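Reader: I am new to this structure and would like to learn how to read it. Could we go through it feature by feature?

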Amino acid sequence: MLDHHNIPKVDLSFLNRDHQEALDISNHLEVLLSEGSPLDHAEKIEREFAKLLDHHIVHFEHEDREMEKYGFPAYELHVAEHRHVLEDMGKELGYWRSHRDVARLKDYLLTEFPRWLMNHLVNRDTVSATYMSRVAHIG
């Protein structure tokens with residue numbers, strides 16, 4: 001389970017808030033995937049995963065607008081990574097809907113996604129948030 005105390009905080013409060021919401025949804029998914037037989041509550045898992053995807057769509061749209069608004073130099077690279085993870089999440093959700101493959105979903109949600117999230121926080125969001133908060137003077 002991802003602990004919100006152990007993820008890096010960035011210099012923008014809206015990003016920290018959105019990251020916390022993503023962690024809350026992810027942690028709920030982990031509980032659903034770990035208790036009893038996950039297939040017994042496959043619909044709940046699907047709804048929660050769709051909620052995670054929807055959360056990231058809204059989050060990335062907001063973040064992308066702010067980076068563009070303030071002229072973040074690595075905007076295209078950062079946005080491309082957002083698009084890539086949304087595409088991956090969409091594919092995994094689609095695969096879950098059609099195959100109900102618990103092992104694959106667990107691997108994605110408990111290993112791949114958290115790895116991507118931590119890497120993105122450290123290597124992308126920290127840099128963009130620092131730029132926007134210091135150069136553009138937002139917080």
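**Reading the helices**

Author: Helices here are DSSP runs of H or I with at least four residues, strands are runs of E with at least two, and both are numbered from the N terminus. This is a predicted model, in which local features need pLDDT of at least 70 and side-chain atom pairs count only at pLDDT 80 or more, while totals for chains, interfaces and linings use all residues. Residues are numbered from 1 along each chain as its sequence is written, and side-chain values use heavy atoms, with hydrogens and water left out.

Reader: How do I read "partly exposed"?

Author: Buried means under 20% relative accessible area, exposed means over 50%, and partly exposed is in between (1.4 Å probe, protein chains only). Serine 37, in the loop between helix H1 (13-34) and H2, counts as partly exposed because its relative accessibility is 34%. The C-alpha atom of serine 37 is 9.3 Å from that of valine 102, although 65 residues separate the two along the chain.

Reader: What span should the 28 residues of H2 have?

Author: The expected span of a helix is 1.5 Å times one less than its number of residues. For H2 that gives 40 Å, and the end C-alpha atoms of H2 are 40 Å apart, which agrees. Helix H3 (residues 75-99) has 25 residues and should span 36 Å, in agreement with the 36 Å between its end C-alpha atoms. H1, with 22 residues, reaches 31 Å from its first C-alpha to its last, close to the expected 32 Å.

Reader: At what angle do H2 and H4 pack?

Author: Axes are lines fitted to C-alpha atoms, for helices over the stretch in contact, and angles run from 0 to 180 degrees between N-to-C directions. Angles under 35 degrees count as roughly parallel, over 145 as roughly antiparallel, 65 to 115 as roughly perpendicular, and the rest as oblique. Helix H2 (residues 42-69) and helix H4 (residues 102-134) pack at about 15°, with axes 13 Å apart, and are therefore roughly parallel to each other. Residues making this contact (heavy atoms within 4.5 Å) include Phe49, Leu52 and His56 of H2 and Tyr108, Phe113 and Trp116 of H4.

Reader: Which classes of residue make the contact of H2 with H4?

Author: Ala, Val, Leu, Ile, Met, Phe, Trp, Tyr, Cys and Pro count as nonpolar, Asp, Glu, Lys and Arg as charged, and the others, Gly among them, as polar. The contact of H2 with H4 has 11 nonpolar, 3 polar and 3 charged residues.

Reader: Are H3 and H4 roughly parallel or roughly antiparallel?

Author: H3 and H4 pack at an angle of about 170°, with their axes 12 Å apart, and are therefore roughly antiparallel. Among the residues in contact are His82, Val85 and Met89 of H3 and Leu105, Phe113 and Trp116 of H4. By class, this contact has 10 nonpolar, 4 polar and 6 charged residues.

Reader: How do H1 and H4 cross?

Author: Their axes come within 11 Å and cross at roughly 170°. H1 and H4 are therefore also roughly antiparallel to each other. The contact includes Leu23, Ser26 and Leu29 of H1 and Leu109, Phe113 and Leu117 of H4.

Reader: Which residues of H3 are buried?

Author: They are Tyr75, His78, Val79, Glu81, His82, Val85, Met89, Glu92, Leu93 and Trp96. What covers them includes H2 and H4.

Reader: Is phenylalanine 113 buried or exposed?

Author: Phenylalanine 113, in helix H4, counts as buried because its relative accessibility is 1%. Not counting residues up to four places away in sequence, phenylalanine 113 touches Ser26, Leu52, His56, Met89 and Tyr108. Its C-alpha atom is 8.6 Å from that of methionine 89, 24 residues away along the chain.
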